[in-house]
Amino acid sequence: MFSEIKYWSIIICVGLISASCTKKIVPADNPVPVDTTGSVTSAGIEYWLTTPDQASLLAKQPNKLMFSSSASSGQVIKTDTTKKYQAVDGFGYSLTGGSAYVINRLPLSVKSDLLKELFGKSDNGISISYLRISIGASDLDADVFSYDDLPPGQTDESLDHFTLDPDRQDLVPLLKEILAINPSIKILGSPWSPPVWMKDNDSSKGGSLLPKYYDAYARYFVKYILHMKTEGINIDAITPQNEPLNPKNNPSLIMLAEQERDFIKNNLGPAFAAAG
């Protein structure tokens, strides 16, 4: 699993607090029955909707979206069986440290109902099947951190000081609760910044990864995946960098296409392969 770098242009990752969401209730191996004319003969897709004006807030809609291979009136999903694209692994949200903090401080009954609504498979659940989380802090965490922070001027190429402790208070416990509800959910990890000592500007904001630390940073990803695994949290995929051309967030990192290419080819890919 670790030897494959996946790119997730097909995954919908939106904010946990404000989002538009649809739920497909017909499994891929049990498609909507269609007669010989292409007309839908039964069922359809129920969906829950949140709108920007908040007129609808995660509300189940009374109408259904229907599959059809021919022209039809109303809200219809038209299918063209002659064209095939990538398979979709799931739909879901970005679960930030800030969201985890807020959710963990809800009254227990409210929190339980929320998690069941988001991740459960009952009639009232929307069955989120994919989550994106930050590797280290995102710009929506209360504090800026990596998993190997050191005093200015110090380095740790052996990663002896690596620890998931900054995420143990909110994100890790919440992920365990989510996995208890939906053990099959897939999780994508993205870093906003490597540890500051790996960067050319000695800052959590902006700057670039120093080439001399490419190998250490590749092993940082491996440690992250293995340490999460010991917590019972399997990381399905990673991206090498969040918003690689945006240095304005704190934390953030500039990672040009050529840098990303070289890092994946020469360091990250081999490190994943070596780790199995």
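The legends below describe close-up views of a predicted model.

Residues are numbered from 1 along each chain as its sequence is written. In this predicted model, local features need pLDDT of at least 70 and side-chain atom pairs count only at pLDDT 80 or more, while totals for chains, interfaces and linings use all residues; side-chain values use heavy atoms, without hydrogens and water.

**View 1. The protein chain holds 5 helices and 9 strands.** Helices (H or I, at least four residues) and strands (E, at least two) are DSSP runs, numbered from the N terminus. Their order along the sequence is β-β-β-β-β-β-α-α-β-α-β-α-β-α. Of the 276 residues, 44% count as buried (under 20% relative accessible area, with exposed over 50% and partly exposed in between; 1.4 Å probe, protein chains only).

**View 2. Helix H3 (residues 171-181) carries the buried residues Leu171, Val172, Leu174, Leu175, Ile178 and Leu179.** Because these residues cover an arc of only 160 degrees around the axis, they lie on the same side of H3; the arc is that of the directions from the helix axis to the C-beta atoms. An α-helix has 3.6 residues a turn, so residues three or four places apart point the same way. The buried residues of H3 pack against helix H1 (97-104), helix H2 (108-119), strand S7 (130-135), strand S8 (186-191) and helix H4 (214-230), where contact means heavy atoms within 4.5 Å.

**View 3. H1 and H3 pack with their axes 9 Å apart, at an angle of about 70 degrees.** This angle makes H1 roughly perpendicular to H3 (65 to 115 degrees; under 35 is roughly parallel, over 145 roughly antiparallel and the rest oblique). Axes are lines fitted to C-alpha atoms, for helices over the stretch in contact, and angles run from 0 to 180 degrees between N-to-C directions. Ala100, Ile103 and Asn104 of H1 meet Leu171, Leu174 and Glu177 of H3.

**View 4. Gln61 occupies the loop between strand S3 (59-60) and strand S4 (66-68).** Gln61 is buried, at a relative accessible area of 18%. Leaving aside residues up to four places away in sequence, Gln61 touches Tyr47, Leu49 and Ser56.

**View 5. Loops hold a cis peptide bond and residues with positive phi.** Most residues other than glycine have a negative phi, and most peptide bonds are trans. The cis bond joins Asn250 and Pro251, with omega about 10 degrees. Ser127, in the loop between H2 and S7, has a phi of about 55 degrees and is partly exposed at 24% relative accessible area. Asp202 has a phi near 50 degrees and is exposed at 62% relative accessible area.
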